Amino acid sequence: MAAAMHTATLPFFSSSSSSSAYKTINVSGRLRLGLAPLPGSLAGRKGSIFVIRSEAGFASGSNARARSSKLITNAVATKPDASASSTGSKPGHELLLFEALREGLDEEMARDPRVCVMGEDVGHYGGSYKVTKGLATKYGDLRVLDTPIAENSFTGMGIGAAMTGLRPVIEGMNMGFLLLAFNQISNNCGMLHYTSGGQFTIPVVIRGPGGVGRQLGAEHSQRLESYFQSIPGLQMVACSTAYNAKGLMKAAIRSENPVVLFEHVLLYNLKERIPDEEYICCLEEAEMVRPGEHVTILTYSRMRYHVMQAAKTLVNKGYDPEVIDIRSLKPFDLYTIGKSIKKTHRVLIVEECMRTGWHWGQSTSSNH
Amino acid sequence: MAMAAHRLPSSSPLRSSLSRILRFSRLFSSQSSDDQTVLTVETSVPFTAHKCDPPPRTIDTTPKELLGFFREMSVMRRMEIAADTLYKAKLIRGFCHLYDGQEAVAVGMEAAITRRDAIITAYRDHCIYLARGGDLVSALAELMGRRAGCSKGKGGSMHFYKKDAQFYGGHGIVGAQIPLGCGIAFGQKYSKDETATFTLYGDGAANQGQLFEALNMAALWDLPVILVCENNHYGMGTAEWRASKSPAYYKRGDYVPGLKVNGMDVFAVKQACSFAKEHALKNGPIILEMDTYRYHGHSMSDPGSTYRTRDEITGVRQERDPIERIRKLILSHELATSSELKDVEKQIRKEVDDAIAQAKEIPMPDPSELFTNVYVKGYGVESFGPDRKELKGVLP
């Protein structure tokens, strides 16, 4: 899929003020390529903006949690077109993305008895995308709870249970259904930690598939990132490979913050080899998919694969793109992104979204 | 056995001598034998039940408990009136929903349960916070937005929380606390705590869909939740007959049993709540409808008289006021003279004034508090403040 690209040098680190040209090219109705001005607050400042104290972004964090002794600290995945070996020492095992999610969930439920799952058809049916298959027989009906079709209320219930100390994983059968629970997610999930003065933490994980599938219809093809972007206190991550799906699922469950994990309907059957050892992915880190020199391409979720295909074409034409899968939608990994932009001075954002409301518009205008 | 419908049989020689002894002992002190004497009182009206057997009308109490009720309700009443004055003096801004008139619900409920049971309510939460063990200074400081408030000044009138007393707040959106309450009950059932959750909502919230969704789930899984509808007959400015096709809120649960309780009678509330807790721990959810009344308007910006007559308000104040009922009970049992009770009220007034003075001295939160407590610092997570001075965390 060749796309005509418009590159412009953004006056990024110059001392003059910002607002570079903003051009968009619509390749297809669903894709939006755009050159966006960088976060406004950055452009106004002079000199070195990123106060990066440690170069060790992927440092071997030595303070591993007591429990697991064999955590892999390097969160950078191999390129999707690379064959076989993972970053682990052992050969690893091959599985599909939804199985990776299930593995992550299974391991966390075995590790911590407070982790429970609730959602529609997660128990006996096994999950509409088979992510929770087999968990109900293993852990029982109370820990893998089949709820009636009442998104607002069971999301609220998950949040109430989290206030007492449980760690629920709430599944929306499709991300679009979570719009019904928006009040609970925004007010009670995101803001409760603040309005209670820090007394209550809400360690929930809200997950579900979203995004464009094959002729699913408008209501079932929504992306909610831009809606959730402005909710304070909420963390958002998007997984794109089996490796980071499992890692992000585990990290999200262990996090004390409410985390929304965006999956994609068309990515569930991706096959990949992942390590046998236990590992997690940092919730706030972006993944460097392909280092390069000429332009930084920021993307996430399914668009990563489109971008990698496009990158092949670009390479044939003589360009050297740097592809970053941002993974963490809120808050951004400004370290990785900033370092890359510092190098290339050109940004291209590839995102799957509605034409009228896109995540980057929200986030570039917010002070992240 | 149940006594006759009127008040306690008057002078039996034993009773009058006992009461004389009690009168001469110091009031409100724990050294007297106030715990041992058992008085039997009757609730003002019998309970009306839906799909369950109502509890008995008679309830045993002690003089200490009676005097304790009087004191607690007077403190609540006094604090709410003080909040009214503070609001008009612009020391409290924003919303301020006052609970005076409804104190019996808070006090009666607290008397029936333990601190390990959970309570969650909507925005009319000042007095429930006090009942759960909150102190006056932190309540008033939170109302005024000071840093020593119960939510560090970040919550305000509608967001009082007390985690160690299992008080889950304080929620602004009507009805949103109901699924939360069922979730708390779910957590209690999951951890096998043998405790229950009281989820309070109003007659306005009784028409919310999430109530019925949560009720369905609670009944499906036998969660130990008691849904308490504090029916003060007005949903802000709309009377209940204009908002609800069926104002019998205790029956709205259909397959869930319900009980209608006179919410201005603290003993009825106490009896109903202990009955409900027992029921919920065994059989799952139950609805309690507390028939109560609020003297103030919906909030401080509502005069409260555009949708109801002043005669109605004064009528309820004269006939059904919870504090007056207890006062009459105390006087009829000769546990204290009316001048002694007035002394108690004066003392409470002074206490509240002292608390206000203390709370006024507390400073506002530091501006850096705008950015704390947004995220929890923990595993793999650190938030960036807008000045980006904080870094992300590294992998463990």
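Strands β8 (residues 235-238) and β9 (residues 259-264) of chain A pair in the parallel sense over four bridges. Two strands count as paired if DSSP finds at least two bridges between them. Within this pair, A:Val237 has A:Leu261 of β9(A) as its bridge partner. Strands here are DSSP runs of E, at least two residues; helices are runs of H or I, at least four residues; both are numbered from the N terminus.

This is a predicted model: local features need pLDDT of at least 70, side-chain atom pairs count only at pLDDT 80 or more, and totals for chains, interfaces and linings use all residues. Residues are numbered from 1 along each chain as its sequence is written, chains are lettered from A and ligands numbered from 1 in the order in which they are written, and side-chain values use heavy atoms, without hydrogens and water.

Chain B holds helix α3 (residues 103-112). Nine of its ten residues are buried, so the helix is largely enclosed by the rest of the structure. Among them are B:Val105 and B:Met109. Buried means under 20% relative accessible area, exposed over 50%, partly exposed in between (1.4 Å probe, protein chains only).

Two lysines of chain B have positive phi and are exposed.

| Residue | Phi | Relative accessibility |
|---|---|---|
| B:Lys90 | near 65 degrees | 58% |
| B:Lys192 | about 55 degrees | 71% |
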